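Work through the exercises below with the sequence and coordinates open. Each task is followed by a stepwise solution.

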Amino acid sequence: MAGRAIWKGRLRFGSIDLPVKLHAAVKEERISFHLLHKRDQVKLKQQMVCAYEKVPVPLEEQARGFAWEEGKYILLDPEDLERAEPADSRMIEVHEFVDAGRIDPVFLERAYYLEPEGSQKGYSALAGALGELGAAGLCTWTMRKRGYIGALQRGGKGLRLTALRYADEVVPARSLELPQIPLSAKELKIAGDLIGQLTAPFEPGKFADEHQARLRKLIDQKARGQRIAILRPRRLKPTAPDRLLEALEASLKKVA
Amino acid sequence: MKDRRSARFPAKLASAGGEGAGQGIWSGTISFSLVAIPVQLVKAVEPGRVSFRLLHRTDYSPLLRRMVCPEDGRIVPPEETVRGYEVGPDKYLLVTDQELESVSPKRSRTIEIVEFIDLREVDPLYYDHPYYLIPARGGEKAYRLLVEVMRRTQKAGLAKFVLGEREYLVALKSAEGALVLITLHYSEEILSDEGIVPEGEAVDAGERNRLKGIIQERISDFKPERYADERRKRILELLEKKVKKGAAVEAPPVEPEEGEGPADLVRVLQESMRKAKRERR
């Protein structure tokens, strides 16, 4: 079922100028809880509080600042911030194209379906061209006063626009400074074989949030005033480094 | 919509290990067949590296997001809060952390790899939020092995685990020697594009081929940092003007955990200011 469009704009590159509408592609529904004060069960609100005075700060007393150095900030007016983001032109500008398979999924933030407004011809030609080449267009646009970068791709029968995270928002793996540990050829071989044995096609429909059903049951039990049996979370015993090969061999035997 | 995203992992659990970067959000074990690898889940996305802090206009102290009692306006620390399931106006069923963990006692401490997949088969629509897994004590070697073998085979692990109110379907992939965990949407959360994208394709082969030519001419490597740099440049230009006017304000001293700033950006900016001064001389 198609939801309402959340934004309208024009997709542009070269001589192409296509009016499009953005639709959400994902919807999350789950059991949700409120956070209450233990003492009196009053529903708590999430608010911005002053780190120094420890009091809630209303919107009109909030300001934006850039951390210049430790404890020093440069205050910015809303006008300054607007200047830092490009003007809201309703233009989705395509700057360049990349091999869609090269976009690391770590960057993908949120996907939208694009609906053509007016003529479908140009839209379908672009979807076809991107699909046949396996290419994605990198584009920028401004929506709700925020500058976005995104990937324009063929998906299903149409075009999709996926908002990407800015590169400086993604923590580089190098910064984790993980230890280099030598591995034996045998360990690598057996682990490789094991992965081979456990490989299957990606079928997301196989998986459902089973926890939600159990959570629903827990809530029903509580509503009936039943006592809940407390089960402690079980932690698996880590495989000792000198038992790794043995555990891999046993695993392979189990699945083969 | 914004709030939904920030509440991705339940605030209570997310703040259990402190708020700084590199702090564990969760700790548990990866189960890879009969191999068990102790790990910690840490952030892979750090919004705010180039964004601005919210400050209190009266004393320039940074603002923090906290749970507040609406009656007396006091901050309520996590240990004084409890989850409530709403059953009517101001009526809640209380659910404790222990009860919540009892729902799926095994999965709440185990990331269980159920199979391996080729990531190229995953429709990008499924990706939600990335994290890193780092090895905990004693798990370094098995972690290293899993990372290296996934790199060589170009496969990713598909796993499930429970965190707070939700069971997550996740992909584990190898990236520069580290394990990345990306939460995936369930297929029932993916909306249909019916009625949005055109049904039949009005094929205009000529136009399609013309576009293919243009696209091929402009194809280049995926270098997302270029766009971040553009944005950074605009912010730097803006701030330089401000600094010339001497607009820096001082915040009262706060706890050390709140003092972190986007150090690298500041350095670049200070460097460029020094350079500008030198050129003026």
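A residue is buried if 20 or more other C-beta atoms lie within 10 Å of its own. The model is predicted.

**Exercise 1.** State what share of the residues of chain A count as buried.

Solution. Apply the cut-off of 20 or more C-beta atoms within 10 Å. Chain A has 256 residues, and 36% of them count as buried.

**Exercise 2.** List the secondary structure of chain A, then decide whether the chain is spread out or a compact globule.

Solution. Start with the elements: chain A holds five helices and eleven strands. Next, take the radius of gyration, 26 Å. The globule rule gives 18 Å for 256 residues, so chain A is more spread out than a compact globule. Then read the extents: the C-alpha trace spans about 60 × 60 × 50 Å along its principal axes. Finally, look at contacts in chain A with a separation of 6 or more: 63% of these join residues 24 or more positions apart.

**Exercise 3.** Describe the contact between chains A and B.

Solution. Count both sides: 148 residues of chain A are in contact with 151 residues of chain B. On the side of chain B, helix α6 (residues 225-244) gives the most, with eleven residues. Sort that side by class: 77 residues are nonpolar, 47 charged and 27 polar.

**Exercise 4.** Find how strand β6 of chain A pairs with strand β12 of chain B.

Solution. In one bridge, A:Y73 has B:V249 as its partner.

Key:
Residues numbered from 1 in each chain as written. Chains lettered and ligands numbered in written order. Predicted model: local features only at pLDDT ≥ 70, side-chain atom pairs only at ≥ 80, totals over all residues. Helix = DSSP H or I, 4+ residues; strand = E, 2+ residues; numbered from the N terminus. Rg over C-alpha atoms; globule rule 2.2 N^0.38 Å. Buried ≥ 20, exposed ≤ 12 C-beta atoms within 10 Å, placed from the backbone. Contact = placed C-beta atoms within 7 Å. Nonpolar A, V, L, I, M, F, W, Y, C, P; charged D, E, K, R; others polar. Pairing = 2+ DSSP bridges.
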